[in-house]
Amino acid sequence: RERGGPERIYRYLLAGAGLVATATAAATLIALAGEALGRPVTEFVHAPGWWRNPLLRGITLLVVGVPLWLRYWVETQRAVSQSVEERAAASRRAYVFLVVGVATFALLVSLTVLLYQVFRAVLGGELGLALLNDARWAVAVAATAGSIAAYHFLVLREDHAALPAEAVVAPSRPREVVLVHAAMDPELVADIERLPGAHVRRWNRLDRVDDAPLSAAQRAAVVQAVAGATASRLLVVVTGSSFELVPFAQGER
């Protein structure tokens, strides 16, 4: 079934929450591994159990985040593969762009911190395993953010390649469509409202009460004509099996 805008936003929010929890868990476990490798042996011996809380925190976030992210992201990807409208939805574009932007920013910041710590260790003659302990969070954030940014960048490229050329090039613009029809057809209204930016106002004709609903081919012709029109306000008058498009502007009172 087709999903509405609020449901898409809800699912992307939950997928984002799962992704944040998973990324935090991965960064915590990578930082824990770097701390274990970079800690001095004497400190490792004299501080037993230092690893328990970070390990439990990482595993807990992993157990919560991975199922949540997979549950909604996999379902969203399945819906996207079956519908161009799902792939072109504004909520999906906002989600993917936001994830790529935030992950790229985190990657750049962590790489800057990591390079600073490496240069400081080299100039100070302290390059060794202790650097892993000092730079563990920079390494963890860089690895996690880099993986997330790379994956979602590939998703962004896949979406761009799968969309029709007109959906990629032509931006959606607000369009007011006034539909005048005696036999008001809900399918015709739904088809027009699927056009980017289209909002339909329905007026019932009282002079042609015997008109039958349009056939599928006639509905497709109306939708195609509305999609090809350039006016931001459009009057669609349906008379029997024919129709007329009249562009109009808001008049002054």
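**Close-up 1. Strands E1 and E3 pair in parallel.** Strand E1 (residues 175-181) and strand E3 (residues 233-239) run parallel, joined by five bridges. Val 180 has Val 237 of E3 as its bridge partner. Strands count as paired if DSSP finds at least two bridges between them. Strands (E, at least two residues) and helices (H or I, at least four) are DSSP runs, numbered from the N terminus. This is a predicted model: local features need pLDDT of at least 70, side-chain atom pairs count only at pLDDT 80 or more, and totals for chains, interfaces and linings use all residues. Residues are numbered from 1 along each chain as its sequence is written, and side-chain values use heavy atoms, with hydrogens and water left out.

**Close-up 2. Strands E3 and E4 form a hairpin.** Six bridges pair E3 with strand E4 (residues 242-247) in the antiparallel sense. Val 237 stands opposite Glu 244 in E4. Two residues lie between the strands of this hairpin, where Gly 240 takes a positive phi near 65°.

**Close-up 3. Four strands make an open, mixed sheet.** The strand order is E2-E1-E3-E4, and the pairing is mixed. Strand E2 (198-204) and E4 are the edge strands, each pairing on one side only. From one strand to the next, the twist averages 20°. Helix H9 (residues 186-193) packs on the sheet and touches E1 and E2; its direction makes about 155° with that of E2. Helix H10 (residues 216-228) lies across E1, E3 and E4 and runs at about 15° to E4. Axes are lines fitted to C-alpha atoms, for helices over the stretch in contact; angles run from 0 to 180 degrees between N-to-C directions.

**Close-up 4. Helices H1 and H5 cross.** The axes of helix H1 (residues 5-38) and helix H5 (residues 90-123) come within 9 Å and cross at roughly 20°. H1 is therefore roughly parallel to H5 (angles under 35 degrees). H1 contributes Arg 8, Ile 9, Tyr 12, Ala 15, Gly 16 and Leu 19 to the contact, and H5 contributes Ser 91, Arg 92, Tyr 95 and Val 99. Contact means heavy atoms within 4.5 Å.

**Close-up 5. Tyr 95 sits in helix H5**. Tyr 95 counts as buried because its relative accessibility is 7% (buried: under 20% relative accessible area, 1.4 Å probe, protein chains only). Tyr 95 and Tyr 12 are 83 residues apart along the chain, yet their C-alpha atoms are separated by 6.8 Å. Not counting residues up to four places away in sequence, Tyr 95 touches Tyr 12, Ala 15, Gly 16, Leu 19, Trp 69, Trp 73 and His 152.

Terms used: Angles under 35 degrees count as roughly parallel, over 145 as roughly antiparallel, 65 to 115 as roughly perpendicular and the rest as oblique. Buried means under 20% relative accessible area, exposed over 50%, partly exposed in between (1.4 Å probe, protein chains only).
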